[in-house]
Amino acid sequence: MILAHESGFTLAHLTDVSQRFHMNLGIQRLKEEVSLWPGITVHPHRFAAEEYRFGHAEVGHVHLWGDVDIPFPRSVQDFLLAHNLAEQHRWVPDSGWTTFRIRDAEEAEHAIWLMRLSYLRYCLRSWADPASFLAMEGKRLHLHTELLAALTRFIPAGMDMAEDRKSLV
């Protein structure tokens with residue numbers, strides 16, 4: 001039997017391996033969940049990532065090292081940043097793009113929540129009853145009234161849902 005110190009591995013090496021394992025579990029959990037959502041397709045993305053799309057719109061992408069990059073409208077991004085729910089994207093900080101880092105399976109649940117928030121705004125454009133869908137998802141995701149108000153803007157105009165919109169915010 002070779003002991004860790006005899007093999008050249010240190011506690012730091014073992015900790016790093018453990019962290020990568022847990023991060024990979026988190027990334028796998030996100031992939032399994034998000035790829036099941038209606039209308040979602042998975043595609044290769046540049047910079048060692050997988051991209052999740054709803055139709056032609058990118059819901060977000062996940063890099064192999066655990067960074068989850070998600071585009072949001074500015075009002076949603078501002079809320080997420082103000083409440084420390086995501087970080088500004090490092091390369092395009094003023095674009096609406098956010099970043100969240102998955103380090104373990106528990107953090108993957110928050111990344112899934114963020115991806116669902118992005119997915120939700122695209123669904124509202126094509127859902128038969130978008131106001132009801134937003135109300136249902138708002139409760140399921142425990143969305144703050146400010147986020148609900150920002151998302152109601154994605155309910156297509158001309159749909160006779162003025163009362164439903166009022167009840168969401």
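**Helix, pocket and packing features of a predicted model**

K31 is found in helix α2, which covers residues 11–34, where helices are DSSP runs of H or I with at least four residues, strands are DSSP runs of E with at least two, and both are numbered from the N terminus. The structure is a predicted model, for which local features need pLDDT of at least 70 and side-chain atom pairs count only at pLDDT 80 or more, whereas totals for chains, interfaces and linings use all residues. Residues are numbered from 1 along each chain as its sequence is written, and side-chain values use heavy atoms, with hydrogens and water left out.

With a relative accessibility of 29%, K31 counts as partly exposed, given that buried denotes under 20% relative accessible area, exposed over 50%, and partly exposed the range in between, computed with a 1.4 Å probe on protein chains only. K31 is 19 residues from E50 in sequence, and the C-alpha atoms of the two residues are 8.8 Å apart in space. The protein as a whole contains 7 helices and 6 strands, which follow the pattern α-α-β-β-β-β-α-β-β-α-α-α-α when read along the sequence. Of its 169 residues, 41% count as buried.

Several further pairs link positions that are separated along the chain. H45, in strand β1, counts as buried at 16% relative accessibility, and its C-alpha atom is separated by 8.5 Å from that of H63, 18 residues apart along the chain. F79 has its place in helix α3, residues 74–82, and is buried at 5% relative accessibility; F79 and A150 are 71 residues apart in sequence, with a C-alpha to C-alpha distance of 9.5 Å. In helix α5, which holds L134, that leucine counts as buried at 0% relative accessibility, and L134 and L148, 14 residues apart in sequence, have C-alpha atoms 7.7 Å apart.

The largest pocket has a volume of about 250 Å³. Of the 17 residues that line this pocket, the closest to its centre are H61, H63, D69, H89 and W91. Pockets were located on a 1 Å grid over the protein atoms alone, as open sets of points with protein on both sides within 12 Å along at least five of seven lines, a 1.4 Å probe being the one that must fit but cannot get out in the case of a cavity, and lining residues being those with an atom within 4 Å of a point. Grid points are joined across faces, edges and corners, and the volume is the space filled by probe spheres set on the points. Strands β3 (57–63), β4 (67–71), β5 (87–88) and β6 (97–101) each supply at least two residues of the lining, and β6 gives the most, with 3 residues. The lining of the largest pocket divides into 5 nonpolar, 6 polar and 6 charged residues, where Ala, Val, Leu, Ile, Met, Phe, Trp, Tyr, Cys and Pro count as nonpolar, Asp, Glu, Lys and Arg as charged, and the others, Gly among them, as polar.

D104 caps the N-terminal end of α4, with a side-chain oxygen 3.1 Å from the backbone nitrogen of E106.

Two backbone positions also call for comment, given that most residues other than glycine have a negative phi. A48, although not a glycine, has a positive phi of about 55°; A48 is placed in the loop between β1 (40–45) and β2 (49–54) and, at 38% relative accessibility, counts as partly exposed. H142, likewise not a glycine, has a positive phi of about 55° and is found in the loop between α5 (130–140) and α6 (145–152), where H142 is exposed, with a relative accessible area of 69%.

Methods. Polar contact = N/O pair within 3.5 Å; in protein donor to acceptor, adjacent residues only side chain to side chain.
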